[in-house]
Amino acid sequence: MVAMSNPAGETGTSAGIPGDPGDPADAALNAVEHQLSLLWRRARSVSQQLSRQVHPDMEPAAYGLLSVIRRQGPIRLTELASCIGVGKPSVSRQIAFLENLDLVSKEADPLDGRAQSIRLTDKGEEKMHQVQDARREVFRERLSEWPAGDLQALATLMAKLNATYERDGFPRDESL
């Protein structure tokens, strides 16, 4: 189900009805929606920049796959597609691109010789190490003035938000 929002300036008029400017919960949800939209736009831009640091022709989706493979270790194509919530054909095209760049390789799955696992090559691991270390440093610089308690509160609330999406069938991130 996709929620639709009212265009700017259009709100409900009765107390307690979504869109009511006097409803504190609605105002808070609007503020959350606005801030998340801003964060997602910025995250897409950062993802674009990071993917280009790995390779000038790389799309952000391929960078995302490299991140999952790096975090999870060797992984089957179907599991990888499930982790990021897209179809196997889309992932397959990106993996072929990454293979051509010598960033990933396929190997026989030790548990099932008919299946293949995808893993980072040494070159892929080196590139991801460089890019992710640089990203982490920028993140540390941006948040260096935040008190540790605020950072922990943010992490806790983000985990709570992510858990609500998992209830809707989005894959759980097992990396932590």
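The expected span of a helix is 1.5 Å times one less than its number of residues. The legends below apply this rule to one helix of a predicted model and then turn to other regions.

**Figure 1. Helix α5 from end to end.** Helix α5 comprises the 22 residues 122-143. The buried residues of the helix are G124, M128, V131, Q132 and L143. These residues cover an arc of only 105 degrees around the axis, and therefore fall on the same side of α5. D122, R140 and E141, on the other side of the helix, are exposed. An α-helix has 3.6 residues a turn, so residues three or four places apart point the same way. The cover over the buried residues of α5 includes α1 (24-54), α2 (60-72), β3 and α6 (148-167).

Figure 2. Q132 belongs to helix α5. Its relative accessibility is 8%, and because buried means under 20%, Q132 counts as buried. Which residues does Q132 contact, leaving aside its neighbours within four places in sequence? The contacts are Y63, S67 and R70.

Figure 3. The structure holds 4 salt bridges, and one of them joins the side chains of E125 and R70, with an N to O distance of 2.8 Å. This pair links distant parts of the chain, since E125 lies in helix α5 and R70 in helix α2, 55 residues apart. Both partners are partly exposed: E125 has a relative accessible area of 34%, and R70 has one of 24%. R70 is also among the residues in contact with Q132. Side chains of opposite charge can pair when their charged atoms come close.

Figure 4. D133 forms a salt bridge with R136, and the closest N and O atoms are 3.0 Å apart. Both residues lie in helix α5, separated by 3 residues, about one turn of the helix. D133 is partly exposed, with a relative accessible area of 33%. R136 likewise counts as partly exposed, at 35% relative accessibility.

**Figure 5. The three-stranded sheet.** An open sheet of 3 strands has the order β1-β3-β2 and antiparallel pairing. The edge strands are β1 (75-76) and β2 (104-109), each of which pairs on one side only. Strands β2 and β3 (residues 112-120) run antiparallel and are joined by 6 bridges. Together, β2 and β3 form a hairpin with 2 residues between them. Along this pairing, S105 has R119 in β3 as its bridge partner, and A108 stands opposite Q116 in β3. On the β1 side, β1 and β3 pair in the antiparallel sense over 2 bridges. There, the bridge partner of I75 is I118 in β3. Strands of a sheet pair through backbone hydrogen bonds, either parallel or antiparallel.

**Figure 6. From helix α4 to strand β2.** D102 is found in the loop between α4 (88-100) and β2. D102 counts as partly exposed, at 41% relative accessibility. In a further close-up, E99 forms a salt bridge with K106, the closest N and O atoms being 3.8 Å apart. The relative accessibility of E99 is 31%, so E99 counts as partly exposed. K106 is partly exposed as well, with a relative accessible area of 37%.

**Figure 7. The largest nonpolar core.** This core contains 23 residues, of which M58, L66, L80, I95 and L98 touch the most other members. Two or more residues are given to the core by each of α1, α2, α3 (77-84), α4, β3 and α5. The largest share, 6 residues, comes from α2. In soluble globular proteins, nonpolar side chains tend to be buried together. Not counting residues up to four places away in sequence, L80 touches L65, V68, I69, I75, V91, I95 and I118. Among these contacts are I75 and I118, which are bridge partners in the sheet.

Notes
Residues are numbered from 1 along each chain as its sequence is written. This is a predicted model: local features need pLDDT of at least 70, side-chain atom pairs count only at pLDDT 80 or more; totals for chains, interfaces and linings use all residues. Side-chain values use heavy atoms; hydrogens and water are left out. Two strands pair if DSSP finds at least two bridges between them. Helices (H or I, at least four residues) and strands (E, at least two) are DSSP runs, numbered from the N terminus. Buried means under 20% relative accessible area, exposed over 50%, partly exposed in between (1.4 Å probe, protein chains only). The arc is that of the directions from the helix axis to the C-beta atoms. Contact means heavy atoms within 4.5 Å. A nonpolar core is a set of buried Ala, Val, Leu, Ile, Met, Phe, Trp, Tyr and Cys residues joined through side-chain atoms within 4.5 Å.
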